[in-house]
Amino acid sequence: MYSRIHASVIWGIEGQPVEIETNILRGLPNHIIVGLPSTIVKESKERIKSALKSSGIRYPDDRIIQNLYPANLKKDGSHLDLAMAMGIYVCIVKESYKIVETFAFIGELTLEGGILPIQGVLSLLEGLKTSGVKRVVLPHENYLEASFVKGLDIYPYERLDTLIRDIESNSLKVGSKLVSYEVKERKFDKDFSEVIGQKQAIRAAEIAIAGTHNLLIIGPPGCGKSMIAQRLETIMPKITLEEKIELTKIYSVSEEESPKGLIQYRPFRSPHHTISRIGLVGGGSAILPGEISKAHNGILYLDEVGEFKSDAIEALREPLSSGSVNLSRGGRSLNYPSRFALIATMNPCPCGHYLSKEDLCTCSHYEVKRYIGKLSWPILDRIDMTLFMDRVENSEISNASNQKVSSLEIRGNIQKAITFRQNRVMEAKHEKSTKESNGILDDNILYGLDEGARSIAIKYHSKGKLSMRSLGKLVGIARTIADLACSEHVEKNHLLEAYSYLTNQQMSNFFT
Amino acid sequence: MKNKRSIGKIYEELALKHLEDKGFILVDKNYFCPFGEIDLILSKKSILYFVEVKYRSSLAYGSPRQAINAKKMERMKKTALHYVKTQSNTFLKFNVSFLGILKVEENIEYDWIENIFS
């Protein structure tokens, strides 16, 4: 009496296929689970016993041994209940084994035989795909989420007894095709039209979001830094299905924020400045994703970035440049994606008025340097854009009504720029492949710049004002600006505007 | 109320007859020691069998097998070891076994488990 059932477990945010071997031997009643089960998996034996009995199965009075293969992978999660129960069931009812063999099972059991929804369905299904299983039985409530995974037949079931009945009559029911549902346009209680003046800041925000550039906003208290930053949420572009799936995988790992179904919007994370390093980049004994991974494909907004713990901020170095974070602890090493736009705000000095037009700063030069020095150069170097915001002038307040831009408008521009870029990249790829087949390689950093822009970029670089990384960033920002203008080539004025946002150029004001 | 000991005695006799038919030879009966009691001690092919006999008249309180728990198993092991130490030098191997007797509609069903520790 031996059986083998397919299932999977979560490892980080990825799924790993596992096989559940069951053998029933003659002996005193006993149920042994081997193969590195966690406490949850060990406890499942009671649920399985009760659920099988409630479903009308005669539970064997014998020694049951279950082995979770591969034995070296730690198995965690209550979703193995159903697969283990099926393993015991096909050992008793041998005729069913032929049918069940080709399926994988995922689900938690109740004592009276109900199949409960579980977390991390997307990761588990992706894991099953690698094992070559094509058909999966899973809880009915997870069906909507699971139907986004391509290449698998999903069989949703609510109860163990109906599942067993359908197996015995060989009439398992595949889930019905779902009507594609529309994602509602999100409503916000904030809008960019509430911002008076600060047109340059809004423009910088538009560029930062359109090109996923990191943005640092420096300015005196009350000038609207936070107001702009909080409204960035309202202009984020649409999220694609692949991005939704990736994001849902990340969130389903963290227990307290586990989503019901697929996440529909880009994340906007704004942790308080008392956050720890582990809270920000992830880790801990369970190696959970941190804020940077939860902000994946969205915005990480750090208000008063100078007040954050310096070890937390310094830990952002690698994620900022690589777009993922590799966390190791206790012999386990996991990789979480963390491609986000970092939006940070801070004051220029302790009193906050350094470099502003109206107020007189009371800080000494030393104090200013120390305050701004809270952000180290390696971090500043990774921030593409820096913006100095000043207070709104009186004249702007009086004629504010006629120059407002709504979030909807900005979002439209950004969406247009992104579509334009996608088309451009596709064409460029096509062009490149034809060029490569002709033996011409063009990997120039200045690719796509027209003559005027090219000469300016080279001039800045030759003056020693730009490092190679900064030059790359300059071209990157200029490219986004050109995309916003739907321009095929980066022109001179695009490059000049990009230069005005460059962190090196802005920060030089503080050190003169 | 019937005397439980006398019921036990009847079915231990039945068990002995069943096992003797299978080729076991009786060595000792109702061996007592400070650790507990062993119902039957038998031998076959120079292996010593310590047998616990359990009778159930119906499945109302579970099968005979389900009456054996970890504590009981431990007690049986200790008693068996005590016997091997004090009474016997000739046998090389021994094991602790179980014979369940279940009455199903006037029929008797035997459930033999050789070596409950395997």
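These legends go with several close-up views of a predicted model.

Local features are described where pLDDT is at least 70 and side-chain atom pairs at pLDDT 80 or more, while totals for chains, interfaces and linings use all residues. Residues are numbered from 1 along each chain as its sequence is written, with chains lettered from A and ligands numbered from 1 in the order in which they are written.

**View 1. Chain A as a whole.** Chain A holds 21 helices and 18 strands; these are DSSP runs numbered from the N terminus, helices (H or I) having at least four residues and strands (E) at least two. Its C-alpha trace spans about 85 × 55 × 45 Å along the principal axes.

**View 2. The largest nonpolar core.** Here you meet 80 residues, of which A:Ile343 and A:Ala478 touch the most other members. Helix H7 (residues 199-211) of chain A gives the most to this core, namely eight residues. Domain 2 (192-411) and domain 3 (414-511) of chain A each supply at least three residues; the bounds come from an automatic or database domain assignment. A nonpolar core is a set of buried Ala, Val, Leu, Ile, Met, Phe, Trp, Tyr and Cys residues joined through C-beta atoms within 7 Å. Buried means that 20 or more other C-beta atoms lie within 10 Å of a residue's own, with C-beta atoms placed from the backbone.

**View 3. Around A:Ala478.** Leaving out residues up to four places away in sequence, A:Ala478 touches A:Ala453, A:Val490, A:His494, A:Leu495 and A:Ala498 (contact: C-beta atoms, placed from the backbone, within 7 Å).

**View 4. A second core.** This separate core has 47 residues, among them A:Val18, A:Ile20, A:Val100 and A:Ile118.

Definitions and conventions. Buried ≥ 20, exposed ≤ 12 C-beta atoms within 10 Å, placed from the backbone. Contact = placed C-beta atoms within 7 Å.
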